[in-house]
Amino acid sequence: MAAMAQPSTTDDRVRRYQLFINGKFVDSQSGKTFESISPHDRAVVAVVAEGDKADIDAAVTAARGAFEGSWSSMPPGDRAKLLLKMAELIDTRAMDLGQLETLDMGGPVMMTSGMAQLAAEIFRYWAGMATKIHGITSTPMSPGEFLGYTLREPVGVVGGITPWNGPLIMAAWKTAPALACGNTVVLKPAEHTPMTAMELAKIGAEAGLPEGVLNVVPGFGPTAGAALAGHPGVDKIAFTGEHVTGRLIVQMSTSNLKTVTLELGGKSPHIIFDDVDLETAVAKALFGMYTNTGQICSAGTRILVQDTFYDRFVERFIERAGQIKMGNPLDFSTRMGPLVSEEQLRKVQRYVEIGKKEGATLRCGGGQPKDAELANGFYFEPTVFTGVDNKMQIAQEEIFGPVASIIKFHDEDEAVRIGNDVIYGLAAGVQTKDLKRAHRLARRLQAGTVWINTWHMIEPNSPFGGYKLSGYGRENGLAMVEHLTKLKQVWVDLNDFTMDFFGM
Amino acid sequence: MLPCEGLTPRAHRLLERVRAAVPSVADPLAFMISGGCCGGTSPVLLRQSNILAGFDVCLGEVDGISVYAHPDHARYLQRDRFVIDALDDVRSDTFSLEIAYGGRFVLQELKVDG
């Protein structure tokens, strides 16, 4: 078995990772590496091989060979066993994987270890799906004895390009479904957070995935990511990220007309009516907003509160936001860690400036914490703007940080109008005790997911994706099988006579 | 007044590194302001051929390079005033061309009276 994750000889806290191509851990062809740093204190936590076009070429060749070799024709039950084995290994190591993710990304380990368990569930769900992918039979519409049936076949080589905000979950979303459907995979993890994707490669190797079935090539967007997106040997790209990159990927897909699915962010409205319990409403709004320091594409960052409830809600929300336990994310009691990077910190700081300039009222946070222990990290306080007009930039653009915009609305129609008045459509949510109203809003809100009296429910069996500039295609659930397979129609003549068209 | 008012010296230096390394005569460089998810609102350095003529909105020109945004995004950015700055020794997501050269362009807000 290939070795990896060998501690450095100079500093055993620095992990070293190679690329995983064709079942082997290898250096990049250029010999280049890059460092991954901890957002808590900027310490180097890993030195990682930097893949580029040459390595992507090798990975795609390996994936093509594996696809045409054993993988696509392997009995689905055997593929299911391998995926179940991967799930078991992920589960066994959930705490370790959570810690690695926390070192890389800064999310609290209490959350990242839970997300590792969810990654195992994703593999279990898709292991089950592997044996349930099949076509249908059809009855001919016109006279005559014919049998029609469809075959659902894998698309081939699937490229996955993942973001940094949930590295292991994203790697699981991009790999487990593709493998279950009989495809092979080249995964390009986000450069900020390559560690858990490399651990997934190790787990795949340990579980016994054949060589070339799963390849993981960390590297940078313009070199590795673009090489994958534009590669004529790749049949499908699944991308999570921002919308200009999404559009570039679509442009690059034209070389071989590969299919693309895109998940591109959001600015989700969390609509809170006055008939709900105050403490519950605030707790749910905090959870929707500040989980993962607000770095979740489906975070409830526009909090729309009914005017009759607004003052009470705002007062309590600010009080609770200011009490969120921020600190070293490796501490199990921490609920909010740092932002992922200096770049992200700069973006969040810029939006706080914009919010002030636009005339919103900064009621909480707005800067980096004073705590000396956190001074070297990318920490930013839970921040609340009130009196926000939905036309403001802070209400329209995805900040991807702990900055809430609280917006007042009068009635259901106004809530829908404000909720939908944004370029994105990833998620939306409603808190109300009125069932009829809740379900009316579920229909009227333009979003790929609507949460009623909850937030961040994302399960392996439920489709996730966007409306509008949040992209297209769905991940998770049966809907994803459509993206990862091709449909072939087969016709069989059952008639005893021959219709001799040219003999008539 | 166009919202994008220029490059900081650090951004200029990064841009010069990219210009020295990548050919840009046949297909000039262009900036497009991205949005959403982990890439967030940042200048993405790409090629003029990636811009949709007649659709994307020009927000200004810096150092001979046009800055664009998607029209729905531009509606909000047009009220803004910013310069393009750079972080050195920082890498990032997105396909922005400068990432391979050791830096990352970011937006820097101009103060109200600045």
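Eight salt bridges are found across the interface of chain B and chain A, in what is a predicted model. One of these joins Arg79(B) to Glu358(A), with their closest N and O atoms 3.9 Å apart. That pair counts because the cut-off for a side-chain nitrogen and a carboxyl oxygen is within 4 Å. Polar contacts across the interface of chain B and chain A come to 20 residue pairs, both residues being at pLDDT 80 or more.

Which elements of chain B each supply at least two residues of the side that touches chain A? They are β2 (29–33), β3 (43–47), α2 (71–77), β6 (82–88) and β7 (103–109) of chain B. Here is how the residues on that side of chain B divide by class:

| Class, side of chain B touching chain A | Residues |
|---|---|
| Nonpolar | 22 residues |
| Polar | 14 residues |

For the overall extent, 49 residues of chain B are in contact with 50 residues of chain A. Between the two chains about 3900 Å² is buried, with carbon and sulfur atoms giving 58% of that area. Within chain B, the residues that lose the most area to chain A are Cys37(B), Tyr76(B) and Phe95(B), which together make up 22% of what that side buries.

Now let's turn to a sheet in chain A. Three strands form an open sheet in the order β6-β7-β22 (chain A), paired antiparallel. Its edge strands, β6 (137–138) and β22 (485–493) of chain A, each pair on one side only. Strand β7 (residues 146–154) of chain A is joined to the antiparallel β22(A) by nine bridges. As for individual residues, Arg152(A) has Leu487(A) in β22(A) as its bridge partner.

Methods
Residues numbered from 1 in each chain as written. Chains lettered and ligands numbered in written order. Predicted model: local features only at pLDDT ≥ 70, side-chain atom pairs only at ≥ 80, totals over all residues. Heavy atoms only, no water. Pairing = 2+ DSSP bridges. Helix = DSSP H or I, 4+ residues; strand = E, 2+ residues; numbered from the N terminus. Contact = heavy atoms within 4.5 Å. Buried area = accessible area lost by both parts, 1.4 Å probe. Polar contact = N/O pair within 3.5 Å; in protein donor to acceptor, adjacent residues only side chain to side chain. Nonpolar A, V, L, I, M, F, W, Y, C, P; charged D, E, K, R; others polar.
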